[in-house]
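Work through the exercises below with the sequence and coordinates at hand. Each task is followed by a worked solution.

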Amino acid sequence: MKRATKVLAPGTWNAKDGAGSVLLTFDDRYRRRTRLTDSAGNAFLLDLDKPRILQHGEGLALEGGGVLAVIAADEPVADIDTHSAAETARIAWHIGNRHIPVQVLDNGSLRIRDDHVLVEMIEGLGAHVHRRQAPFSPEGGAYSAEATGHAHHHGHDHDH
């Protein structure tokens, strides 16, 4: 079985080196070591030094040559639109208070995984929610491995 042991940043690898792609949801993109199947149905082993979130457009370098393009799969999400920056900040605070991953979209709106309880709360706070299928790539956070170069854990759990 082929092994992918290195992640290449978007734009740093040549498409002619492409050996295919791998389509993954957000949960499936947070990995260190697992067996995956590329879009052509070929199994390979993802074998990284440490866990990380694979981002859309990155490449997985295969031992022996070739690169698999990482493609973020569409999944059920809820896009949140508000009337003002203050309202967006208030909604983001409520989402963060529940320790829910959130993606900030280029237009300033928010995206969460579709969850009927959260959608009801957010609509109750006055926001407009549009449920759809789209890739989900939430913020890594100030203590994420992507932001600091190393993993971080608070050392305690929250229950609220």
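This is a predicted model: local features need pLDDT of at least 70, side-chain atom pairs count only at pLDDT 80 or more; totals for chains, interfaces and linings use all residues.

Residues are numbered from 1 along each chain as its sequence is written, and side-chain values use heavy atoms, with hydrogens and water left out.

**Exercise 1.** Locate Thr88 and state whether it is buried or exposed.

Solution. Step one: Thr88 lies in helix α2, residues 85-97 (helices are DSSP runs of H or I, at least four residues, numbered from the N terminus). Step two: its relative accessible area is 16%, so Thr88 counts as buried (buried is under 20%, exposed over 50%, partly exposed in between, with a 1.4 Å probe and protein chains only).

**Exercise 2.** Find which residues Thr88 is in contact with, leaving aside neighbours within four places in sequence.

Solution. Step one: with contact taken as heavy atoms within 4.5 Å, the list is Thr82, Gly108 and Leu110. Step two: the side chains of Thr88 and Thr82 come to 2.4 Å in a polar contact (a pair of N or O atoms within 3.5 Å, one able to donate a hydrogen and the other to accept it).

**Exercise 3.** Determine which residues of α2 are buried and what they pack against.

Solution. Step one: the buried residues of α2 are Glu87, Thr88, Ile91, His94 and Ile95. Step two: they lie on the same side of α2 because their arc around the axis is only 125 degrees (taken from the directions from the helix axis to the C-beta atoms). Step three: these buried residues pack against β7 (75-81), β9 (110-113) and α3 (116-124).

Note on methods:
Helices (H or I, at least four residues) and strands (E, at least two) are DSSP runs, numbered from the N terminus.
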